[in-house]
Amino acid sequence: MNTQQIQLVKESWGFVIVKSEEAGQLFYSRLFEVAPGVKHMFKGDIKEQSRKLMSMVTYVVAKLDKLETIVDEIKSLAKRHDKYGAKKEHYSVVGECLIYTLKTGLGDRWNSKVEEAWTEVYKVLAAAMISNQETAAVAAR
Ligand code: HEM
């Protein structure tokens with residue numbers, strides 16, 4: 001992820017976060033449409049869940065130029081996801097839904113550079129989550 005990509009992600013997220021409730025709703029309705037099998041994993045109120053997801057993304061976006069400072073938080077998030085039953089294969093569908101939400105939310109502001117930048121962010125984040133889950137699984141054996 002280069003500086004220009006970080007900048008693009010920060011700028012574009014600013015336009016999504018002002019409509020964060022709609023964006024969160026769009027994300028989960030898309031997720032449950034394309035992956036109905038994960039719906040049962042979400043036990044709480046989706047509006048609340050949506051707020052948590054949006055604020056976590058906001059947090060990560062703010063730290064993109066110093067991701068090494070949030071490694072522990074990502075590790076804990078990964079551990080909690082292990083308990084929720086999130087599997088490696090779920091990360092790609094969640095990533096697709098995130099891209100779909102951003103694309104829809106950004107409208108004319110969406111372009112291939114923005115898409116590449118967000119794809120990179122999600123790749124880094126998902127890889128960190130998955131590798132932490134795998135490390136935890138090995139440690140639990
Ligand atoms: C990098 C990607 C992801 C991020 C940033 C993320 C973020 C979050 C956050 C912030 C929460 C709130 C609770 C907490 O902090 O522990 C949460 C809960 C949850 N996430 Fe994720 N998540 C991601 C990927 C996934 C994936 C791939 C799945 C699999 C389907 C998933 C399923 C869940 C479930 C089931 C909950 C708990 C819902 C409940 O308690 O009702 N997440 N996620």
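Helices α1 and α3 are roughly antiparallel to each other, a term that applies because their angle falls over 145 degrees, whereas angles under 35 degrees count as roughly parallel, 65 to 115 as roughly perpendicular and the rest as oblique. Helix α1 covers residues 3-17, and its axis lies 10 Å from that of α3 at an angle of about 155°. Axes are lines fitted to C-alpha atoms, for helices over the stretch in contact, and angles run from 0 to 180 degrees between N-to-C directions. Helices (H or I, at least four residues) and strands (E, at least two) are DSSP runs, numbered from the N terminus. The structure is a predicted model, in which local features need pLDDT of at least 70 and side-chain atom pairs count only at pLDDT 80 or more, while totals for chains, interfaces and linings use all residues. Residues are numbered from 1 along each chain as its sequence is written.

The crossing of α1 and α3 is left-handed; a crossing has this hand if the near helix is turned anticlockwise from the far one by less than a right angle, and is right-handed if clockwise. On the α1 side, V9, K10, W13 and I17 meet M54, T58 and V61 of α3, two residues being in contact if their C-beta atoms, placed from the backbone, lie within 7 Å. By class, this contact holds 5 nonpolar residues, 1 polar and 1 charged. Here Ala, Val, Leu, Ile, Met, Phe, Trp, Tyr, Cys and Pro count as nonpolar, Asp, Glu, Lys and Arg as charged, and the others, Gly among them, as polar.

Helix α1 also contains I6. I6 counts as partly exposed because 16 C-beta neighbours lie inside 10 Å; a residue is buried with 20 or more other C-beta atoms within 10 Å of its own, exposed with 12 or fewer, and partly exposed in between, with C-beta atoms placed from the backbone. When neighbours within four places in sequence are left aside, I6 is in contact with M1, L64 and D65. I6 and K63 are separated by 57 residues in sequence and by 9.6 Å in space, C-alpha to C-alpha.

Helix α2 (residues 20-34) packs against α3 as well, their axes coming within 9 Å and crossing at roughly 110°. The two helices α2 and α3 are therefore roughly perpendicular to each other. From α2, S20, A23, G24, Q25 and Y28 take part in the contact, and from α3, I46, S50, R51, L53 and M54. These residues divide into 5 nonpolar, 4 polar and 1 charged. Within α2 lies E21, which counts as exposed because 11 C-beta neighbours are found inside 10 Å. Between E21 and E48 there are 27 residues in sequence and 9.8 Å in space, C-alpha to C-alpha.

The axes of α2 and α5 come within 9 Å and cross at roughly 135°, so α2 is oblique to α5. The crossing is right-handed. Among the residues that meet here are L26, F27 and L31 of α2 and V93, V94 and L98 of α5. The contact of α2 with α5 comprises 10 nonpolar, 3 polar and 1 charged residues.

Of the 20 residues around the ligand, G44, M56, Y84, A86 and H90 come nearest, a residue being near if its C-beta atom, placed from the backbone, lies within 6 Å. Two or more residues of this shell are given by each of α3 (46-62), α4 (71-84), α5 (90-106) and α6 (112-140). The shell divides into 13 nonpolar, 4 polar and 3 charged residues.
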